[in-house]
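This briefing sets out the architecture, surface and selected residues of one protein chain. Please read it alongside the sequence and the coordinates.

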Amino acid sequence: MGLIIDILSWILLMIGCFLGISGAIGIFRFKEFYSRVHAASVTDTLFVFFIMAGLILQSGFTLVSVKLIFAVGLLWLTSPLASHALVRSAYETGLKPKLSITRKESAKRGQS
Amino acid sequence: MSNITLLIDVVLLTMLVLTTVAIVRIQSLFAVIMLTGVFSLLAANIFVVLDAVDVAFTEAAVGAGISTVLMLATIAITGHEKKKRRKNSWIAPLIVVAITGAVLIYGTLDMPAFTDPSAPVHQHVAPRYINDSPTEVGIPNMVTSVLASYRGYDTMGEVIVVFAALIGVLSLLGIREKKSEPQYITPAPRPILQVMSKFMIPFIILFAMYVQFHGDFGPGGGFQAGVIFAVAIILYTLTFSQQDAMRLIPPWVLKRLAAIGVLIYGGTGVVSMLKGGNFLNYNVLADDPIHGQHYGILIIEFGVGLTVACVMMLIFFAFISRGDKNP
């Protein structure tokens, strides 16, 4: 039983670390601001869950797990909000995303 | 030291050094401010590894939280780029830095080993505080008992320094009250940010109250609580408008409250003198010395929290009311 919990928490922590590292690589490799923010915010919000789940499995049925669940909830609320604030302020001050075709062109072609 | 602790220490300190190098070399001030926030967060992690949780809490709240916000408000006034300097020769500063660094490292060779229990710093007052704090002061958190009771004078000095910073900012910058309607245009509503802020602000304020009064039992105390409370109001200001925030808590109220906080602290000392003890001797505040200590610590921490919260809010209002140089 202890072994299963250990293996499971290892897997969750590894997935979390992989997501974190891939998000960090995405920040450097993407060429455009909005893609970079997308990489950072999506992976940032998700890998918190995996790492905390791995830690919750490790700490069992104690008060620490409840605090970790609260921490995950708080980060799920605030991390997308912060990314939204960032992207919104960039859009409002004039930085527009580089699209491959403009919106008018896309509407003409019948796509949404 | 076990291997994993050593690994964590090395990784954190290396990241600290890299962040510092980046802060020195980068030209864009916006990025530099973000990096100082990262620096403070790494320092807070190092403090946690060193088992100093109160200090880590204060460092994270002040350094990574409000300091970043205030510096961002500053570059909204001053500008985003570093001033270009003439290229001077780099040999003379390098020699000075190398000599100073070598002398400092030579000086540290004589110091006792890290965490050596027989070091002189652990021999004089520290054993007395650790041995006598449970019987003399009686609160579980020894950091608060040292900060608020044994070293009450120093904490009073800290609060007065914070208040003096407020006086400096207000006399140099002042808070410019913006025009009200009809010349003032209400900014466009930002639904996602405003709704989520309205959801989070009561919990942030509740957490500030918890940190304030829980400082006796766990990490916390007046400074962290004041900063967290100010951050809640700053969040409100950022997502709504400065008009709304200044209508919610008018600056004249905050100025009075900041002074009242310092007055509460000094007043506790004067009350102790009037009751027969020395200045800031809490033993005489109640019939029983332990209860007196508890009352004294509670009251002065409240004074500290009040002053710090009001000072942070007023400094933020003063900075952002100056307008935008780079909109």
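For the charge analysis, Lys and Arg count as positive and Asp and Glu as negative, while His and the chain ends are not counted; each charge is placed at NZ of Lys, CZ of Arg, CG of Asp or CD of Glu. On that basis, the mean positions of the 20 positive and 19 negative charges of chain B are 21 Å apart. The model is predicted, with local features requiring pLDDT of at least 70 and side-chain atom pairs pLDDT 80 or more, whereas totals for chains, interfaces and linings use all residues. Residues are numbered from 1 along each chain as its sequence is written, chains are lettered from A and ligands numbered from 1 in the order in which they are written, and side-chain values use heavy atoms, without hydrogens and water.

**Overall architecture**

- Chain B contains twelve helices and zero strands, where helices (H or I, at least four residues) and strands (E, at least two) are DSSP runs numbered from the N terminus.
- The C-alpha trace of chain B spans about 65 × 60 × 35 Å along its principal axes.
- Of the 327 residues in chain B, 37% are buried; buried means under 20% relative accessible area, exposed over 50%, and partly exposed in between (1.4 Å probe, protein chains only).
- Among contacts (heavy atoms within 4.5 Å) in chain B with a separation of 6 or more, 72% join residues 24 or more positions apart.

**Surface**

- Chain B has an accessible surface of about 19100 Å², 71% of which belongs to carbon and sulfur atoms; areas come from the Shrake-Rupley method with a 1.4 Å probe, and for residues only the protein chains shown count as cover.
- Patches comprise residues with over 30% relative accessible area and no salt bridge, joining like charges within 9 Å and nonpolar side chains (Val, Leu, Ile, Met, Phe, Trp, Tyr) within 5 Å; a salt bridge is a side-chain nitrogen of Lys or Arg within 4 Å of a carboxyl oxygen of Asp or Glu.
- A nonpolar surface patch consists of B:Trp90, B:Ile91, B:Leu94, B:Ile95, B:Ile99 and B:Val103, with about 670 Å² of accessible area together; B:Leu94 lies in helix α4 (residues 91–108).
- B:Arg25, B:Lys82, B:Lys83, B:Arg85 and B:Lys87 form a positive surface patch.
- B:Arg85 is located in the loop between α3 (53–78) and α4 and is exposed, at 75% relative accessible area.

**Helix α3**

- B:Asp54 lies in helix α3 and counts as buried at 10% relative accessibility.
- Beyond its neighbours within four places in sequence, B:Asp54 contacts B:Asn141, B:Val143, B:Pro219, B:Gly220 and B:Gln224.
- B:Ala73 is also in helix α3 and is buried, with a relative accessible area of 6%.
- Not counting residues up to four places away in sequence, B:Ala73 touches B:Phe316, B:Phe319 and B:Ile320.
- The C-alpha atoms of B:Asp54 and B:Ala73 are separated by 27 Å, at 19 residues apart along the chain.

- B:Ser133, in helix α5 (residues 126–136), is buried, with a relative accessible area of 1%.
- With neighbours within four places in sequence left aside, the contacts of B:Ser133 are B:Arg128, B:Gly138, B:Met142, B:Ser145 and B:Tyr150.
- B:Ile160, in helix α7 (residues 152–172), is partly exposed at 40% relative accessible area.
- B:Ile160 and B:Leu263 are 103 residues apart in sequence, with their C-alpha atoms 9.9 Å apart in space.
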